[in-house]
Amino acid sequence: MDIGFIGLGLMGGPMAVNLARAGGLVVWNRTPARAEALRAAGADVAASAAEVFGRAGTVLLMLADEAAVDDVLRRGTPEFAARVAGRTVVHMGTTSPAHSAGLDADVRAAGGRYVEAPVSGSRGPAEEGRLVAMLAGDPAAVADVRPLLRPMCHKSVVCGPAPSALLMKLAVNLFLITMVTGLAEATHFAAGHGLDLRRFQEVLATGPMASAVSRGKAAKLVEGELSPQAAVADVLKNNRLIAEAARAAGLASPLLDACHELFAETLALGHGGLDMAAVIRAIEARTG
């Protein structure tokens, strides 16, 4: 049977293109125009989500939120069992761990298999097939899904039972959010003191704190080119999910909480569609 892929947004689109090049892919997206790049890459474009489930033994979901996942699966309706029974559902988006744990139980109860496979990386690594996947679920299902991800992910890490992969993703994103916010504040500090930002960028890029993320985000901040690799609105959603998971476990998250305020202010300033580096706009606004 084919592999199915549903959700062709900022990340899902390039991920599915890489998968399509390996052959045997059927895709669907609520906005049909986004599927044209997949058609060009050799994928079959389905007329509905139901068609994807009808044709595919394994269906990968890269959807925006919990409501979108539940809607595509028709969760809570008689259609749910028909869609998932005998199939492997692979949840690659970022939702709350509690939602994923409930989905795991529901899919298994309906006769399907469930694998969490959130990814670490932004649009650039998605286009290059260099994402890192975190996998959780039944070991046999995880073992079957893992090789299917190779066209999209250069590394996959097995994390245990669901929702451990999503918790791992949230931990990684906590580091990402606080790091990029710190970089934006450092850039604001350097600019406010009249430093040459190109030299600031050079020091960062060649020093011990350099990383692919720091180099990419520093370039965006210095050049003022803020097209989204990971958009502010999406980062704010991730920030909220991490904060909720921290509260549920009784964990303090002081840096994350400060970032949450800044990203909320960035969104309120009208920059929700820009790259997460645009958090500098909220810092600039506070400076006045």
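**View 1. Helix α9 passes α13 in a left-handed crossing.** A crossing is called left-handed if the near helix is turned anticlockwise from the far one by less than a right angle, and right-handed if clockwise. The model is predicted, so local features need pLDDT of at least 70 and side-chain atom pairs count only at pLDDT 80 or more, while totals for chains, interfaces and linings use all residues. Residues are numbered from 1 along each chain as its sequence is written, and side-chain values use heavy atoms, with hydrogens and water left out. The axes of α9 and α13 come within 10 Å and cross at roughly 65°. Axes are lines fitted to C-alpha atoms, for helices over the stretch in contact, and angles run from 0 to 180 degrees between N-to-C directions. Helices (H or I, at least four residues) and strands (E, at least two) are DSSP runs, numbered from the N terminus. From α9, the contact uses Leu174, Ile177, Thr178 and Thr181; from α13, Leu255, Leu256, Cys259, Leu262 and Phe263. Contact means heavy atoms within 4.5 Å. These residues of α9 and α13 divide into 7 nonpolar, 2 polar and no charged. Here Ala, Val, Leu, Ile, Met, Phe, Trp, Tyr, Cys and Pro count as nonpolar, Asp, Glu, Lys and Arg as charged, and the others, Gly among them, as polar.

**View 2. Helix α9 meets α11 in a right-handed crossing.** The axes of α9 (residues 164–192) and α11 (residues 212–223) come within 10 Å and cross at roughly 40°. That makes α9 oblique to α11; angles under 35 degrees count as roughly parallel, over 145 as roughly antiparallel, 65 to 115 as roughly perpendicular and the rest as oblique. On the α9 side the contact consists of Leu176, Met179, Val180, Leu183, Ala184 and Thr187, and on the α11 side of Val213, Ser214, Lys217, Ala218 and Leu221. By class, the contact of α9 with α11 has 8 nonpolar, 2 polar and 1 charged residues.

**View 3. A cis peptide bond joins Ala162 and Pro163.** Its omega is about 10°. Pro163 is placed in the loop between β9 (153–160) and α9.

**View 4. Arg30 and Asp71 form a salt bridge.** The closest N and O atoms of the pair are 3.0 Å apart. A salt bridge is a side-chain nitrogen of Lys or Arg within 4 Å of a carboxyl oxygen of Asp or Glu. Arg30 lies in the loop between β2 (25–28) and α2 (36–40) and Asp71 in helix α4 (residues 66–73), so the pair ties together parts that are 41 residues apart in sequence. Arg30 is partly exposed at 49% relative accessible area, and Asp71 is partly exposed at 36%. Buried means under 20% relative accessible area, exposed over 50%, partly exposed in between (1.4 Å probe, protein chains only). Arg30 and Asp71 belong to a network of salt bridges that also includes Arg74, Glu79 and Arg83.

**View 5. Arg74 has a positive phi although it is not a glycine.** The phi value is about 60°. Arg74 is found in the loop between α4 and α5 (79–84) and is partly exposed, at 26% relative accessibility.

**View 6. Asp70 forms a salt bridge with Arg75.** Their closest N and O atoms are 3.2 Å apart. Asp70 is partly exposed at 22%, as is Arg75 at 24%.

**View 7. Glu261 forms a salt bridge with Arg286.** The closest N and O atoms are 3.5 Å apart. Glu261 in helix α13 (residues 254–268) and Arg286 in helix α14 (residues 280–287) are 25 residues apart.
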